[in-house]
Amino acid sequence: MSKFSLITKGLLKENPTFVLVLGMCPTLATTTSAMNGLEMGLATMFVLILSNIVISLIAPIVPDKVHIPVYIVVIATFVTVLQLLMQAYVPDVYKTLGLFIPLIVVNCIILGRAEAFANKNGVWDSALDGIGIGIGFTLSLTVIGIVREILGSGSVFGWKFISGDGMLAFVMAPGAFIVLGYLMVLFNKLAKK
Amino acid sequence: MAAKSSLINMAACLTGVCLVCAALLGFVYVVTDEPIKAAAAAEAQASIAKVLPEGGSISEEFSSEAEGILGYFVQTSADGETTAYAVKTVTGGFGGPVTLMVGVLPDGTVFNTSVLSHSETPGLGAKCTEEKSAFREQWKGFKGVLSVKKDGGDVDAITASTITSRAYTKAVAQAVELVKSLGHE
């Protein structure tokens, strides 16, 4: 597989949100606006790249029976590092995403990539895989966020183009499911061509 | 691929990984400790300053036994006179606790209010966080009866969010009560 396709497969063929359908909890919960979706995607990408790199390095020396606990410790460490850094330098972002940052530990995408890719491949390839899947996840969340923000609040990235409210349902939980469902249909229809 | 599992190498591997991770976390914790405290302090200061008149120095946080009061700060002018109180107060809203910072003058007049945290419905009760809204503007200098108009008071509720408005009003009332009781001491 070429280096370039390692990155692009995360966008289309193995898009974590619309094709693999992994990590649905943060996807549904944090995409109330485009900015929140983008920030959540970037936070996940940070952890994903670092954990992919470290796991690909240590995979050969980790005994088979304890590989899951070891991976989880590695992932949890990076999530905590991220959490501390965000609290220190971007407290506002940390406040909006709050609970969903520690929950990155149990995000299936990260352990999924560790299991499916990083423990079988080299450091460089694993880093690229992390970047690719990370970008795919970030873009998906941002797109869902944009759609929900346009319909729900009448704005894009906080810039309001109608006065008053949008369709409130889209900011709340049911809207997340509806938008995700339709985008998944659209994505898979376009991707098939 | 993965190494063969034996009791010794499993224990050694887990111990090693945990040690390295703990060391890394300890390092990051030390590095970020100062900025985190500074950010939290700056946020607390900003929320207090927002609800009080300008000038004067702000005390350390006092605690109170009164219902719904999380703590309060006293603002004193240069000659030692108390000019205002900032009260951190909490009530039950529609979706969970609503925590406010309320600035109250010594005579019981509300100076300004701000929302510290809430979990009200987006687009309805959550409108209580919109700074320039009519609901929020009415609190500046408010000294009428502290209940919503529907209940016979002087507070204009947010349309379709009476429960949130009631909670907000109750929180402000708690703060005013506290300041009045402090004045009698």
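Helix α1(B) gives the nonpolar patch its largest share, three residues. The model is predicted: local features need pLDDT of at least 70, side-chain atom pairs count only at pLDDT 80 or more, and totals for chains, interfaces and linings use all residues. Residues are numbered from 1 along each chain as its sequence is written, chains are lettered from A, and side-chain values use heavy atoms, without hydrogens or water.

**The nonpolar patch**
- The patch covers about 550 Å² of surface and is made by A:Phe46, A:Leu85, A:Tyr89, B:Leu24, B:Phe27 and B:Val31.
- Two elements give two or more residues to this patch: α4 (67-89) of chain A and α1 of chain B.
- B:Leu24 sits in helix α1 of chain B.
- Patch residues have over 30% relative accessible area and no salt bridge, and nonpolar side chains (Val, Leu, Ile, Met, Phe, Trp, Tyr) are joined within 5 Å.
- Accessible areas come from the Shrake-Rupley method with a 1.4 Å probe.
- Helices are DSSP runs (H or I, at least four residues), numbered from the N terminus.

**Where the chains meet**
- Chain B and chain A each bring 28 residues to the contact (heavy atoms within 4.5 Å).
- About 2,300 Å² is buried between them, with carbon and sulfur atoms giving 78%; this is the accessible area lost on being put together, summed over both parts.
- One salt bridge crosses the interface: A:Lys95 pairs with B:Glu43, with closest N and O atoms 3.0 Å apart.
- Helix α1 (residues 7-51) gives the most to chain B's side, with 17 residues.
- That side has 20 nonpolar, five polar and three charged residues, where charged means Asp, Glu, Lys and Arg, and Gly counts as polar.

**Salt bridges overall**
- A:Asp129 lies in helix α7 (residues 123-153) and A:Arg113 in helix α6 (residues 108-118) of chain A, so the pair ties together parts 16 residues apart in sequence.

Technical notes:
Buried area = accessible area lost by both parts, 1.4 Å probe. Salt bridge = Lys/Arg side-chain N within 4 Å of Asp/Glu carboxyl O. Patch = residues over 30% accessible without salt bridge, like charges linked within 9 Å, V, L, I, M, F, W, Y side chains within 5 Å.
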